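Let's take a walk through this structure together. Have the sequence and the 3D view open side by side as you read.

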Amino acid sequence: MMMNKRLIAMCDESKKYMGLTILCSWVGIVCNIVIVWLIGQLINRMVEGEALNMTGGSIGEALSSYPLIGPISLATGMIVVMIALVVKWVSHYLYGCYSYQASANARTTLRRLIYQKLLRLGMAYQQVEKTSGIVQLSIEGVEQLEIYFGKYIPQFFYSLLAPITLFVCLSFISFKAALVFMLGVPLIPLSIVAIMKVAKRILKAYWNNYANLGETFLENLQGLTTLKVYNQDERKHQEMNEEAEGFRQITMKVLSMQLNSINVMDLIAFGGSAIGTIVALYEFKRGMLQVGDLIVIILLSSEFFIPLRLLGSYFHIAMNGMAASDRIFALLDAPEEEEGALEMMPSSPQTVIQLSHLNFSYDGERQVLQDISLDLKSGGLTAIVGESGSGKSTIASLLLAQRRVANGSILINNLPLSDVRKEELYRYVSLVSAHSHIFKGTIRENLLMAREGVTTDEMMQALRTARLESFVMQLPQGLDTEVSDNGSSLSGGQKQRLALARVILADRPVIIFDEATSNIDVESEEAIWESIYELAKQKTVLVISHRLASVKEAKVIYVLNEGQLVESGTHHELMHRGGHYTRMVEKQHQLESMREVSR
Ligand SMILES: Nc1ncnc2c1ncn2[C@@H]1O[C@H](COP(=O)(O)OP(=O)(O)OP(=O)(O)O)[C@@H](O)[C@H]1O
């Protein structure tokens, strides 16, 4: 009955609150039994003709002398009813609090686990689940599981406890009626099990459709400008409508399945109550029951079935949560790259990186890098150039341990990169890519990310080096100016320069610039190159660039062609050789002269 041991074990902190929720529900039903039973006894006495003795004395005395049952007087009975009502109200209130705590704990735990896993997976998360899928799982999937913890599991155990408690109490009044009620109870879980078989299949399809629709929506939204430019927005709109229609259909299937199952459960619940009540009426007719007892049985008959009926309605939401949990587990179980164990790299004033006989393939079939051996010597500028798709960025991602090297080795200060913990690696190496991420928040907050305790002076100095100081100074809020999501309120060039200032503040010995100046204005490009040359005087800088004119001054230029290292040397050596590099330079010259002419 959907008792997912792993899920429950995972959210250990919720267990205590789930237990308290069950206890509160149980206390509530015990109070109900007490109240109804005392009312039944009062009716019995009244039917027996027991009248209030109002002659003389106060009303209090009259109530105390009225025998409700055995030594219990009507006054005592009324006090007990009052207490039971208060206890019932308190337990109902506490039920809400504990149920919330159980679900809130589960929500926090699951979201934390997903987040931690994503951090460990790094870039590899995309191979397991799409970004939109992860967002859906973390928000809606986790919310469905909140109901599983806060409502479904407590209700499951309460649904076992309630009929047993009622059976024990009612069997003192009418064993036969209590037995009939009790026999009807298992029919509801049996119907749930039958429905579950169909539901599992439908819900799996529902989640797949939901994730696909989310992915299409996200993609179309992100590419909306391109779609508009090519007049393709209407076509994509139609495609999305079709997908949405598919999702509507599967949603309707889920809803009708839920409705039908609720009807079946209602039939069993009301049918069971009716049969039990008929048995009680029969006993009453034969004089085996008093009218008060009959009323107690009628009033409590529905209580046998209501908990299971409620379980049935939570069941569907919980079932949806189960389908989501399968995907959460698939994400949590995704294999992680083994993290190096080395906490501390031997300190060396000169960080040296060596790649030897490196081979790499993304899909295990097509070799993207073949037998690459190169050295990134300490200090100065080193460049990797090559045509588009030759494997330059792949080398950068391998240097940052974003992907694992299967063949060949990368040594950093003579240590295999795979032995070094990522955190430790990132104390040595940092990156400015073509699309640096700027976070929503102030400029200051984005800069503070680089290093703890950075002072305003240091920030201004870094902005000066990145040629962004004058821009920030002219802003009314200066460093405290808010930038929107992914720096969308900044120009491409300003974003890159801000990213450059951040990397300067991070003060790592090795900085990789991967096409950091592509797609930006000439002014920003020049400003960034100036900063790169300045940085290269103190740090080890690796530049991956398509602009050959800018890397002329590099102490070594590595030339890649179709995943192979074809040449290396200084600009003059390479030009002298008249090989691949020379051809690239000449091609670029021709292009630039054509551009000049067309201006
Ligand atoms: N995530 C990926 N999955 C599969 N193949 C990839 C992936 N990223 C890159 N590739 C492939 O690997 C090859 C090298 O790509 P890479 O991005 O390293 O080239 P590049 O030289 O940096 O190109 P550019 O100058 O255009 O950025 C290309 O053929 C590309 O199609």
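**From a strand to a ligand**

Thr382 has Leu542 as its bridge partner in strand 12. Keep in mind as you look that this is a predicted model.

Next, turn to the ligand. Around it you will find Tyr362, Val368, Gly386, Ser388, Gly389, Ser390, Gly391, Lys392, Ser393, Thr394 and Glu515. Which helix gives the most to this shell? It is helix 12 (residues 392–399), with three residues. By class, the shell holds two nonpolar, seven polar and two charged residues.

Finally, look towards the start of the numbering for a pair of helices. Two packed helices are described by the angle between their axes and the distance between the axes. For helix 2 (residues 12–47) and helix 4 (residues 74–121), the angle is about 160 degrees and the axes are 7 Å apart. Angles over 145 degrees count as roughly antiparallel, and therefore helix 2 is roughly antiparallel to helix 4. Their crossing is left-handed. The contact of helix 2 with helix 4 comprises 21 nonpolar, twelve polar and two charged residues.

Key. Residues are numbered from 1 along each chain as its sequence is written. This is a predicted model: local features need pLDDT of at least 70, side-chain atom pairs count only at pLDDT 80 or more; totals for chains, interfaces and linings use all residues. A residue is near a molecule or strand if its C-beta atom, placed from the backbone, lies within 6 Å of it. Helices (H or I, at least four residues) and strands (E, at least two) are DSSP runs, numbered from the N terminus. Ala, Val, Leu, Ile, Met, Phe, Trp, Tyr, Cys and Pro count as nonpolar, Asp, Glu, Lys and Arg as charged, and the others, Gly among them, as polar. Axes are lines fitted to C-alpha atoms, for helices over the stretch in contact, and angles run from 0 to 180 degrees between N-to-C directions. Angles under 35 degrees count as roughly parallel, over 145 as roughly antiparallel, 65 to 115 as roughly perpendicular and the rest as oblique. A crossing is left-handed if the near helix is turned anticlockwise from the far one by less than a right angle, and right-handed if clockwise. Two strands pair if DSSP finds at least two bridges between them.
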